[in-house]
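Welcome, and let us take a walk through this structure together. Have the sequence and the 3D view ready, and follow along one stop at a time.

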Amino acid sequence: MAIFSVYVVNKAGGLIYQLDSYAPRSEAEKTFSYPLDLLLKLHDDRVLVAFGQRDGIRVGHAVLAINGMDVNGKLTADGKEMLETDTFKLHCFQTLTGIKFVVLADPRQAGIDSLLRKIYEIYSDFALKNPFYSLEMPIRCELFDQNLKLALEVAEKAGTFGPGS
């Protein structure tokens with residue numbers, strides 16, 4: 001099991017941190033362009049196009065697959081959102097201040113909800129308390145990097161985070 005990537009997105013939608021912790025085989029490599037021309041939303045356990053139009057895809061159309069893989073969207077407790085395919089799960093946690101933490105993981109990886117809480121804790125401790133960090137700006141803090149990588153290693157090995165970790 002593996003955690004592929006971690007992203008932190010500010011409230012304006014800008015990417016302020018990216019960590020790719022898993023190198024997939026070259027034939028499985030995917031390219032994503034940002035920003036996406038379509039706005040997707042979750043409605044009745046389906047992923048729908050909420051805004052935008054491109055290549056015959058219009059508002060109200062349901063997204064059934066991404067790159068040929070089935071897509072199931074779920075809204076979990078505590079504001080976490082999940083997008084599931086055959087090869088990965090995309091988990092998102094949005095804070096009250098609008099910061100989004102996104103984790104791409106193997107579908108069999110357990111404990112992602114607690115990992116998202118741990119990443120938020122690491123962000124609060126090592127980015128927000130850093131006197132040289134400005135809100136909404138890219139995170140460039142060595143202690144944040146080290147602690148995030150350590151948390152990912154623990155999550156991959158153990159699968160969960162306890163309350164004292």
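Tyr-17 counts as buried because its relative accessibility is 7%, where buried means under 20% relative accessible area, exposed over 50% and partly exposed in between, with a 1.4 Å probe and protein chains only. Phe-144, at 0% relative accessibility, is buried by this rule as well. Before going further, please note that this is a predicted model, in which local features need pLDDT of at least 70 and side-chain atom pairs count only at pLDDT 80 or more, while totals for chains, interfaces and linings use all residues. Residues are numbered from 1 along each chain as its sequence is written, and side-chain values use heavy atoms, with hydrogens and water left out.

Now for the wider view. The protein chain has 2 helices and 11 strands, taken as DSSP runs numbered from the N terminus (helices are H or I with at least four residues, strands E with at least two). Read from the N terminus, the order of elements is β-β-β-β-β-β-β-β-β-β-β-α-α. Of the 165 residues in the protein chain, 38% are buried. Contact here means heavy atoms within 4.5 Å; among contacts between residues at least 6 apart in sequence, 39% join residues at least 24 apart.

Next, look at the aromatic rings. Rings of Phe, Tyr and Trp (its six-membered ring) pair if their centres lie within 6.5 Å; planes under 30 degrees apart count as stacked, over 60 as edge-to-face and the rest as tilted. This rule gives 5 aromatic pairs. In one of them, the ring centres of Tyr-17 and Phe-144 are 4.9 Å apart with planes at 90°, so this pair is edge-to-face. Since Tyr-17 sits in strand S2 (residues 15–20) and Phe-144 in helix H2 (residues 142–158), the pair ties together parts that are 127 residues apart in sequence. Phe-101 and Tyr-123 also make an edge-to-face pair, 5.4 Å centre to centre and with 70° between the planes. Here strand S11 supplies Phe-101 and helix H1 (residues 112–128) supplies Tyr-123, so the pair ties together parts 22 residues apart in sequence. Phe-101 is buried at 1% relative accessibility, and Tyr-123 is buried at 2%. Ring pairs also link Phe-93, Phe-101, Tyr-120, Tyr-123 and Tyr-133 into a cluster.

Phe-101 leads us to the strands. Two strands pair if DSSP finds at least two bridges between them. Strand S10 (residues 89–94) and strand S11 (residues 100–105) pair in the antiparallel sense over 6 bridges. Along this pairing, Phe-93 stands opposite Phe-101 and Gln-94 stands opposite Lys-100. The two strands form a hairpin with 5 residues between them, and Gly-98 in the turn has a positive phi of about 100°. S11 also pairs with S1, again in the antiparallel sense and over 6 bridges; there, Val-8 has Phe-101 as its bridge partner. Because 5 of its 6 residues are buried, S11 is largely enclosed by the rest of the structure.

Stay with strand S1 (residues 3–9) a moment, where you will find Val-6. Val-6 is buried, at 1% relative accessibility. Leaving aside neighbours within four places in sequence, Val-6 is in contact with Tyr-17, Gln-18, Leu-19, Val-102, Val-103, Ile-119, Leu-148 and Leu-152. In the loop between S1 and S2 is Gly-13, which is buried at 17% relative accessibility. Its C-alpha atom is 9.2 Å from that of Gly-98, 85 residues away along the chain.

Our last stop is the two helices. How do H1 and H2 meet? Their axes come within 9 Å and cross at roughly 165°, where axes are lines fitted to C-alpha atoms, for helices over the stretch in contact, and angles run from 0 to 180 degrees between N-to-C directions. That makes H1 roughly antiparallel to H2 (angles under 35 degrees count as roughly parallel, over 145 as roughly antiparallel, 65 to 115 as roughly perpendicular and the rest as oblique). The residues making the contact include Leu-115, Ile-119 and Tyr-123 of H1 together with Phe-144, Leu-148 and Leu-152 of H2. Between the helices runs a loop that holds Glu-136. Glu-136 is not a glycine, yet its phi is positive, near 70°, and Glu-136 is partly exposed, with a relative accessible area of 26%.
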